[in-house]
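The sequence and structure come before the description.

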Amino acid sequence: MLNNTERQWLENVITKLTAKMDAVSERSRNKIPYTTVNGVHDDRAVDNPTGAQADGINWWTNGFWGGMLWLMYHETGNEKYKEIAQISEARMDRCFEEFYGLHHDAGFMWQPTSVANYRVTGNPESRKRALHAATLLAGRFNLAGGFIRAWNDLKDEDTRGWAIIDCLLNLPLLYWATEETGDPRFKQIAVKHADTAIPAFVRPDGSVNHIVEFDPFNGGVVNTYGGQGYGEGSSWTRGQTWALYGFMTSYIHTGKDEYLQAAKRVAHYFIANIPEDGIIPVDFRQPEEPKLEDDTAAAIAACGFIEIAKAVGGHESRLFVSAALKLLRTLDESRVDWSADTDHILLYGTGAYHAETHHHAIIYGDYYFMEAIFKLKGNDLYLW
């Protein structure tokens with residue numbers, strides 16, 4: 001997959017990642033981080049509201065720190081990464097007790113924590129947590145519309161028919177539940193959601209919608225919304241990556257060619273829009289100014305490109321490997337803080353185009369950057 005020069009670059013990045021995580025893991029041993037404040041990880045378990053306020057212990061990104069630790073444990077064999085990963089996993093039990101803050105992102109929360117733990121160690125408590133989470137996720141399936149509902153009730157919006165492109169990366173939890181138990185219902189729900197997502201979310205040119213509203217009683221698309229992108233009909237880059245990597249996870253678990261083709265369509269659109277400097281904007285259709293960027297989209301896209309490369313093989317695979325390398329080398333050269341004194345890795349993440357803040361550390365960017373690097377090495381721990 002890589003030539004000698006690329007392999008040398010990769011080994012150098014892994015060396016830097018290993019040194020960085022050796023220090024950061026100790027400082028953040030008892031945290032569940034989302035971002036950094038003055039270079040120091042916050043802690044979603046204690047710093048923010050809980051219960052119905054989903055930005056505390058129920059925050060959707062709370063599984064990524066554990067995922068980073070399991071990747072490091074697989075890479076190094078150092079027992080401390082396993083121990084620290086299990087701390088955050090156990091703390092998240094409070095989410096089940098509070099219940100109200102949980103929604104479609106149960107996969108993001110428990111796939112890289114409990115499923116990872118169970119796969120690596122056989123921990124029965126982790127299996128139970130993951131199956132509990134999968135059951136909650138499956139319970140959000142809307143039979144009439146063939147989709148998994150996104151967020152819970154919002155004060156000023158009727159969201160009963162809302163689904164979002166992000167949910168494709170939650171489906172692996174359902175695939176795993178069927179693989180683990182033999183009960184086909186979980187996989188059936190995942191497949192139906194993915195089937196619904198292709199025509200509803202993916203536009204003819206390969207760009208995607210972020211939010212699609214279905215009729216929750218009769219099915220069928222009612223409306224689409226710009227969501228975290230610039231606006232209706234725009235092209236939120238992280239949404240593109242959820243689609244291209246998300247459809248690939250469904251392809252990996254089912255072998256259905258439709259998912260591979262959907263992933264490739266979105267990937268080709270993404271590649272065609274990568275700027276010359278390799279820095280990904282928040283939205284491919286945003287105005288030239290302000291120049292808002294999102295390194296997390298670059299990292300997630302790289303993961304998806306590498307999986308597509310594995311699937312297509314041959315000469316075609318080099319197109320996707322090259323795209324992944326362009327994004328990752330750009331991040332390494334100018335978008336990463338390699339200092340052992342700070343807790344974040346990527347520097348310029350953006351949650352949404354119209355958010356109040358931009359260009360800050362976000363934990364899932366760090367996770368997917370690490371995942372992509374280990375994918376390139378091969379023999380990686382595939383968490384999805």
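## A helix pair

The axes of helix H2 (residues 64–76) and helix H3 (residues 79–91) cross at roughly 160° and come within 8 Å, where axes are lines fitted to C-alpha atoms, for helices over the stretch in contact, and angles run from 0 to 180 degrees between N-to-C directions. H2 is therefore roughly antiparallel to H3, a term used for angles over 145 degrees.

## Basis of the model

The model is predicted, with local features needing pLDDT of at least 70 and side-chain atom pairs counting only at pLDDT 80 or more, while totals for chains, interfaces and linings use all residues. Residues are numbered from 1 along each chain as its sequence is written, and side-chain values use heavy atoms, leaving out hydrogens and water.

## An antiparallel sheet

Three strands, in the order S5-S6-S7, form an open sheet with antiparallel pairing; helices (H or I, at least four residues) and strands (E, at least two) are DSSP runs numbered from the N terminus, and two strands pair if DSSP finds at least two bridges between them. Strands S5 (162–164) and S7 (221–225) stand at the edges with a single partner strand each, so one side of each lacks a neighbour in the sheet.

Strand S6 (residues 211–214) pairs with S7 over four bridges, and Ile 211 has Tyr 225 in S7 as its bridge partner. Helix H8 (residues 185–201) packs on this sheet and touches S5, S6 and S7, its direction making about 105° with that of S6.

Definitions and conventions:
Contact means heavy atoms within 4.5 Å. Angles under 35 degrees count as roughly parallel, over 145 as roughly antiparallel, 65 to 115 as roughly perpendicular and the rest as oblique.
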